[in-house]
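Have the viewer open as you read.

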Amino acid sequence: MNINEKTLTKTRSVLFLLLIILAPLSKYPSFATPLFNFTSFRIGLYQLLATAFIFSCLYGYNNKFIKSAKPVATGLMLILLSVVVGLFFAINEARSLLLATSLTMLVFLAFSSWLYVTKYLNRTLLKKAVKYSLYASILFSFLAILQFAFNTFSSEDLGILCTNCTNTVFGFPRINLFAAEPQFLASSFIPFFFISLFMSIKYKTLLAKISLTLVSLVIGLTFSRGAFLAIVVGLMFFVFSNLDFIKNNLRATLNTFVLIVLGFVISFSLLVASASIAYKETPNIAYETTSTMLEQLSLGVIKLPKKVSVVPERINPQNVEFVSPGLIEASTNERLSAAELAINAWLYSPINVIFGTGIGNLGPFVDKYIEPSAPDNLTVYIFYILLASELGVVGLIGLGIVLFYPLVLLIKKTHIYKFAGLQIVVAILASFITQYLFFGSYINVVYIWFYIGVATALAGMSQKQLSKLFK
């Protein structure tokens, strides 16, 4: 049955825009489907949209466009090769098959967005994507701020808060909105951040400035160290990939950076205020919260001196104390311990070094051969170590090509062609590469693979093709 090409083209365009503006919906809305005792498996709206986009792009596909960036196609195939080989050694076959399907979907999403941008993206659609991103960022920012306010003044659970988003960790709530965790929400806001940053500098519109301030505020409220570092790295790439753009708009750039700083200062102030409200009976709560935040951000390097206070007898001690001693040390130890177990599993045998333990097989492998007390769903908080341990050198090389080949090409083309706006994609990709140092998840960051495909497509375009998009 032939599908009307006009309808299919419109469907692709709508799905492309939705995948850009709905990135914060990386977990919710969704419904649980605990398959094969894998209780955390969920099917979400964003994943369904991504799947529909894949099928719409692959319909009538031809392989001519691959010539623009063969190394990336090779990298994607290396990842799939390692996934397939790993299935033959799986201890928990059902879990491995489920995660293999998920990662395969991500690979095809990168492939599909690459195909779409190469064949169908035009300047009109690009303008729509930017415009809708600004509006979407403001909407999601307001919802995130409402969540923060609600959890500050209420002990009720909104139903979408993760375990570590409550006041019991830092004294203030860490928002996650429709994402699995605060860091995933912050990560999904990174494209909004750099789009609004560019629009604030280039066009100086009020809409862009409001978006940038609110997005900075929300990222600050997540209190995600990985996102903070990713933003810093992304800003460096944004500035130095096109210095002429910054020099020609120096005053606007400086004013825009003031908005970013303002957003983060307000967010940190709100975090301290939230803790002061939730634990108002605790002596020196504002000071202690600030101390904990500085210790967390500096990885324990900065430690303010402890304040000694005498608790009045009229106060019930059970309602006074908010204590988070050893939080940073415990968090660091947990991350290092998980990474060490993953590395030990990776180096366990030559076949593991080459192809890994198999996707989804790290936990069962560690539990069986290395540390019996380890959970069979062992969480590794550094994606590169997770991928190396489960997909081996082959998968790691594949991912390295997929991430860094388009980044290098884009930086070169930005320097040569000076197209204003191309550095947005450079900054987004550099930020995501940095973010992968701080969490280990395949399916909760579907949008990253979407942007990998976008970056690959732009990296493979000629000057003439790019000039039609960026003038």
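Predicted model: local features only at pLDDT ≥ 70, side-chain atom pairs only at ≥ 80, totals over all residues.

The chain has 20 helices and 2 strands, and 55% of its 471 residues are buried. If you take the contacts between residues at least 6 apart in sequence, 77% of them join residues at least 24 apart.

Now for the inside. The largest nonpolar core holds 147 residues, and those touching the most other members are Phe16, Phe193, Phe194, Ile219, Phe238, Trp449 and Leu458. Pick Phe193 and look around: leaving out residues up to four places away in sequence, Phe193 touches Leu212, Val215, Ser216, Ile219, Ile231, Leu235 and Ile260. Ile231 sits in helix α9 (residues 225-240), and its relative accessibility is 4%, so it counts as buried. Beyond its neighbours within four places in sequence, Ile231 is in contact with Ile190, Phe193, Phe194 and Ile219. From Ile231 to Ser216, 15 residues away along the chain, the C-alpha distance is 9.7 Å.

Next, the rings. With centres within 6.5 Å as the cut-off, there are 31 aromatic pairs. Take Phe16 and Phe450: the ring centres are 5.5 Å apart and the planes meet at 50 degrees, so this pair is tilted. Phe16 belongs to helix α1 (residues 5-21) and Phe450 to helix α19 (residues 446-459), so the pair ties together parts 434 residues apart in sequence. Phe16 and Phe450 are both buried. They also belong to one aromatic cluster, together with Phe53, Tyr116, Tyr120, Phe432, Tyr447 and Tyr451.

Phe108 and Phe111 make an edge-to-face pair, with 6.5 Å between the centres and 75 degrees between the planes. These two are 3 residues apart in helix α4 (residues 93-119), so about one helical turn separates them. Are they buried or partly exposed? Phe108 has a relative accessibility of 32% and counts as partly exposed, whereas Phe111, at 14%, is buried.

Finally, check the backbone. Most residues other than glycine have a negative phi, and most peptide bonds are trans. Where does this chain depart from that pattern? The peptide bond from Tyr28 to Pro29 is cis, with omega near -5 degrees, and Pro29 lies in the loop between α1 and β1 (30-32). Leu177 has a positive phi, near 50 degrees; you'll find Leu177 in the loop between α6 (167-170) and α7, and at 3% relative accessibility Leu177 counts as buried. Phe223 also has a positive phi, about 50 degrees, without being a glycine. Phe223 is in the loop between α8 (206-222) and α9, and its relative accessibility of 1% makes it count as buried.

Key:
Residues numbered from 1 in each chain as written. Heavy atoms only, no water. Phe/Tyr/Trp six-rings, centres within 6.5 Å; stacked < 30°, edge-to-face > 60°. Helix = DSSP H or I, 4+ residues; strand = E, 2+ residues; numbered from the N terminus. Buried < 20%, exposed > 50% of the residue type's maximum accessible area, 1.4 Å probe, protein only. Contact = heavy atoms within 4.5 Å. Core = buried A, V, L, I, M, F, W, Y, C linked by side-chain atoms within 4.5 Å.
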